[in-house]
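Biologist: I am new to this structure and would like to learn how to read it one feature at a time. Could we go through it together, with the general idea before each case?

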Amino acid sequence: MLRGFTSELNSSRLKAGETQLKVDNIQLNFGGLTALLDVSLEVRQSEILAIIGPNGAGKTSLLNCISGLYHPQKGKISFFKSDEKGGATEQEVTRMRPHQIAQLGIARSFQNIELFRHMTVLDNLLSGCHIHMKSGLLASMVYLGAAQREQIKFRQFVEDIIDLLEIEAHRSKTVGSLSYGLQKRVEMGRALAMRPSILLLDEPMAGMNSEEKEDMARFILDINEEHGVTTILIEHDMGVVMDISDRIVVLNFGQKIGEGTPQEVHNNPAVVQAYLGENRVHLPNQLPEN
Amino acid sequence: MISGIFHSRYEDDMALRRTHAQKIRLVILVIAFITFPFFADRYSLTLANQVGIAVIGAIGLNILVGYTGQISLGQGGFMAVGAYAAGLLTLHFGMPWWASTLIACLFTALVGVLFGIPSLRLKGLYLAIATLSAQVIILWVVTHWTAVTGGNDALVVPSPTMFGIKLNKDFNFYWVVWSIALIATLLTVNLFRTRFGRAFIAIRDQDIAASVMGVDLFKYKLLSFAISSFWVGMAGALTAHYRSIVTWERFTVDVSVLYLAMIIIGGLGSVTGSYLGATFMTLLPVLLTNLGRATKDTFPIMETILPFLQQGVFGLVIILFLIFEPEGLNKMWKNAKDYFRLWPFSY
Ligand SMILES: Nc1ncnc2c1ncn2[C@@H]1O[C@H](COP(=O)(O)OP(=O)(O)OP(=O)(O)O)[C@@H](O)[C@H]1O
Ligand SMILES: [Mg+2]
């Protein structure tokens with residue numbers, strides 16, 4: 001089913017289990033509102049880490065801090081990548097701009113689909129390859145030799161992702177014309193086209209029916225198991241979270257109130273009280289906002 | 001919409017002309033372009049040259065506005081930069097026309113980048129005002145820096161020559177302007193097959209997502225201003241060499257609006273649309289004038305109201321397009337092609 005990839009989907013060279021991202025006591029304020037307070041967590045190579053918490057808990061804000069869209073007022077975020085000697089080098093990303101963080105292979109999807117609406121599926125995925133394309137401006141405009149070969153090479157790579165996500169029939173369609181579920185898939189594909197070292201998924205299954213959810217969960221697992229891509233997943237559907245994540249971090253009112261394996265979190269009294277207690281084990285599917 | 005056509009190699013699927021119909025159309029177009037000047041009278045040639053210049057300018061503006069989503073009202077000003085720079089270089093430094101044109105384009109690109117800096121903070125209407133100020137500032141400099149530009153007096157540019165042939169004759173200039181239009185077309189079409197063009201469109205569609213994909217917004221917005229202004233400067237430089245006379249009146253804010261109308265009517269974010277819009281807006285006044293002349297005996301009043309009518313029709317056409325076909329002539333052309341491709345089974 002999985003076709004051999006012409007190039008690696010995962011750009012991180014750390015060994016599984018090594019610390020890849022460290023969030024250290026970050027605090028994020030919006031005026032008087034504290035969206036994140038003293039949040040710390042570690043993400044390890046090749047794990048699926050779920051972040052859960054009620055609406056407004058600060059989950060999206062945390063991802064935005066990691067991808068450089070927000071800058072926390074306090075604390076530090078570090079990214080680790082392997083060096084030539086096989087060790088890991090630390091790089092602080094707290095103050096870096098989004099496109100610089102993208103260069104590290106930190107890829108993401110958004111809670112409210114943020115695709116390039118007027119592009120085709122293919123072009124959306126190809127724009128995900130931006131950081132890996134090297135041809136210069138003049139060479140690109142002349143489009144001969146190396147510049148053309150580069151485009152063909154990435155077209156092949158992107159076709160692998162299209163196969164993986166089973167969107168062959170839609171590759172030449174404008175994404176604005178696709179159904180909501182398909183757009184979510186394309187958005188994940190665009191993030192995969194970056195050859196992510198870490199994949200950040202903000203509610204990839206929100207607003208989907210159970211069949212679509214199942215497909216999506218399968219893709220996330222495939223990508224993680226076959227390619228070892230580290231995944232941070234925000235999701236409200238507790239069934240899915242318990243099923244596919246290795247570890248879970250629980251946020252509530254901007255603070256971390258629990259962390260551990262699905263089983264540990266399930267048995268954590270603080271979590272149960274804040275989040276799972278009020279019969280919210282199976283939250284209703286959130287409707288898309290747009 | 002191309003359905004039912006399949007390719008087995010990515011190269012073929014990624015080619016610019018993918019179907020037989022497309023290739024045949026291209027051949028017909030090329031033959032028409034090559035034979036046209038041998039049959040056309042002088043007046044038609046003048047019009048063809050004007051259209052050619054407008055096409056280059058419209059492609060330039062479309063790169064910035066249509067593809068990158070950065071609205072600009074500075075078109076007239078940037079064309080003035082190209083025209084004056086080219087004219088002055090040819091006049092004072094005795095440069096060959098092509099060298100002064102190239103340098104003028106690069107200089108316009110630089111000026112474009114400079115006035116593009118506000119785009120890093122401003123969007124939409126605010127950016128429109130900022131680029132309008134570029135227009136005003138440039139024309140102010142042109143009219144007040146009398147020692148260099150001649151101020152309100154016209155700048156007279158020596159005739160461009162090549163191999164001893166005067167290029168500003170209508171027949172000769174036809175080949176110059178349309179060769180350059182062809183180059184501009186190819187380079188632009190190719191640009192949008194690569195990461196640069198995709199980054200521009202990404203910025204237009206969703207700039208935050210673009211930055212998270214690794215697109216440096218700062219760099220790519222300015223790059224779009226540079227490439228766009230290069231071609232706009234080209235339109236200006238060609239005007240200077242074609243007319244041999246450069247005056248500031250040719251580059252007022254009316255020109256900025258006219259070019260915006262071209263790309264809106266032709267189709268934003270489309271090279272074909274730039275062609276259609278530039279042709280349409282250049283020929284519309286001619287059509288109206290001819291219509292006026294033809295009906296002058298039956299409706300004598302036409303003569304007097306025609307100038308007003310022209311402005312009115314201009315505005316009306318723009319509004320009609322915005323309401324009924326916001327994607328412009330390009331979309332209508334696509335629809336027509338789809339219709340005939342499926343004809344007679346078009347249901
Ligand atoms: N750009 C912003 N400006 C002001 N306040 C913000 C901004 N972004 C988020 N917030 C606030 O920060 C808090 C956390 O929001 P966030 O979007 O991170 O929550 P969430 O956990 O993702 O919730 P949901 O499950 O609804 O997506 C909320 O109170 C929100 O109103
Ligand atoms: Mg959220």
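Modeller: Let us start with a definition: a residue is called buried under 20% relative accessible area, exposed over 50%, and partly exposed in between, using a 1.4 Å probe and protein chains only. This is a predicted model, in which local features need pLDDT of at least 70 and side-chain atom pairs count only at pLDDT 80 or more, while totals for chains, interfaces and linings use all residues. Residues are numbered from 1 along each chain as its sequence is written, chains are lettered from A and ligands numbered from 1 in the order in which they are written, and side-chain values use heavy atoms, with hydrogens and water left out.

Biologist: Is Thr60(A) buried, partly exposed or exposed?

Modeller: Thr60(A) is partly exposed, because its relative accessible area is 25%; Gln111(A), at 22%, is also partly exposed.

Biologist: Which protein atoms are the donors of the magnesium ion?

Modeller: Donors are N, O and S atoms within 2.8 Å of the metal (3.2 Å for Na, K and Ca), and sites may look incomplete because water is not among the atoms. Here the magnesium ion, ligand 2, has OG1 of Thr60(A) and OE1 of Gln111(A) as its protein donors, at 1.9 to 2.1 Å. The pair links distant parts of the chain, 51 residues apart, with Thr60(A) in helix H1 and Gln111(A) in the loop between strand S6 (106–108) and helix H3 (121–128) of chain A; helices (H or I, at least four residues) and strands (E, at least two) are DSSP runs numbered from the N terminus.

Biologist: How many residues surround ligand 1?

Modeller: A residue counts as near a molecule if one of its heavy atoms lies within 4 Å of it. By that reading 14 residues surround ligand 1, and among the closest are Gly56(A), Lys59(A) and Gln111(A). Helix H1(A) gives the most to this shell, with 3 residues.

Biologist: Which side chain has a polar atom 3.0 Å from a nitrogen atom of ligand 1?

Modeller: That side chain belongs to Tyr70(A), while oxygen atoms of ligand 1 lie 2.7 Å from a side-chain N or O atom of Thr60(A) and 2.6 Å from one of Ser61(A).

Biologist: Is Leu192(A) buried or exposed?

Modeller: Leu192(A), which sits in helix H6 (residues 180–192) of chain A, counts as buried because its relative accessibility is 0%. Contact means heavy atoms within 4.5 Å, and, leaving aside residues up to four places away in sequence, Leu192(A) touches several residues, including Leu9(A), Phe157(A) and Ile223(A). Leu9(A) is 183 residues from Leu192(A) along the chain, yet their C-alpha atoms are separated by 7.0 Å.

Technical notes:
A polar contact is a pair of N or O atoms within 3.5 Å; within protein, one must be able to donate a hydrogen and the other to accept it, and residues adjacent in sequence count only if both atoms are side-chain atoms.
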